[in-house]
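Colleague: Please take me through this model, one feature at a time.

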Amino acid sequence: MALCLFAFTWIADGTASAQHIVIDPGHGGKDPGSISYGVAEKTLTLDLAKRLEKILRTKGYKTTLTRNSDRFIPLENRAAVANRIPGSIFVSLHFNGHRDRSISGFETFYYPGSTKGRLLASKVQQELKGRLSSRDRGIKPGRLKVLEHTKGTAILVESGFLTNRWENQRCSAAWFRQILAEEIAQGIRAYLR
Ligand SMILES: [Zn+2]
């Protein structure tokens with residue numbers, strides 16, 4: 001009995017340490033990110049990150065946010081948070097912007113050559129695709145600094161274009177960000193299974 005209990009604890013601990021998710025709300029402080037129609041990207045990414053954290057914790061995962069308030073954090077420092085937690089998964093959250101306001105859709109980036117990153121990106125994109133009626137822009141390899149500096153599995157999710165009026169309205173709505181959080185969480189779970 002005692003042995004069983006010990007084994008269970010050991011497995012539980014081993015699993016938990018392998019499933020630590022570092023959530024990175026893009027931008028913050030002096031860096032607002034994309035600003036359109038009076039909405040700043042940094043505000044939406046923080047809200048989305050908190051929603052995602054809440055869902056993942058309910059499902060039993062460990063989580064760490066690279067920022068939990070409106071403050072500026074250099075990209076290297078964001079990656080460093082994940083690098084300090086071996087086996088963690090890094091998920092950077094962003095909203096997009098473009099000069100051409102007709103451009104819309106969601107896309108997920110991974111670092112070129114990262115097989116695990118590509119798989120995680122595809123799982124998250126697949127879940128978003130199943131629930132969102134906006135344009136599926138697919139998964140893309142991207143030499144993004146925050147991904148480059150992260151040693152473990154890392155992705156960057158662009159959930160919609162704030163420069164597109166229709167997507168801006170959706171992304172600004174709490175109910176829509178809740179859906180985004182739920183689907184991103186589902187994608188992470190699908191990857192870990
Ligand atoms: Zn951004």
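Modeller: Helices (H or I, at least four residues) and strands (E, at least two) are DSSP runs, numbered from the N terminus. Residues are numbered from 1 along each chain as its sequence is written. The model is predicted: local features need pLDDT of at least 70, side-chain atom pairs count only at pLDDT 80 or more, and totals for chains, interfaces and linings use all residues.

Colleague: Is Glu-107 buried or exposed?

Modeller: Glu-107 lies in strand 6 (residues 106-110). The cut-offs are 20 or more other C-beta atoms within 10 Å for buried, 12 or fewer for exposed, and partly exposed in between, with C-beta atoms placed from the backbone. Glu-107 has 21 such atoms within 10 Å, so it is buried.

Colleague: How far apart in space are Glu-107 and Arg-51, C-alpha to C-alpha?

Modeller: In sequence, 56 residues separate Glu-107 and Arg-51. Their C-alpha to C-alpha distance in space is 19 Å.

Colleague: How are helix 4 and helix 7 oriented to each other?

Modeller: The axes of helix 4 (residues 115-131) and helix 7 (residues 174-192) come within 8 Å and cross at roughly 140°. Axes are lines fitted to C-alpha atoms over the stretch in contact, and angles run from 0 to 180 degrees between N-to-C directions. Under 35 degrees is roughly parallel, over 145 roughly antiparallel, 65 to 115 roughly perpendicular, and the rest oblique. Helix 4 and helix 7 are therefore oblique.
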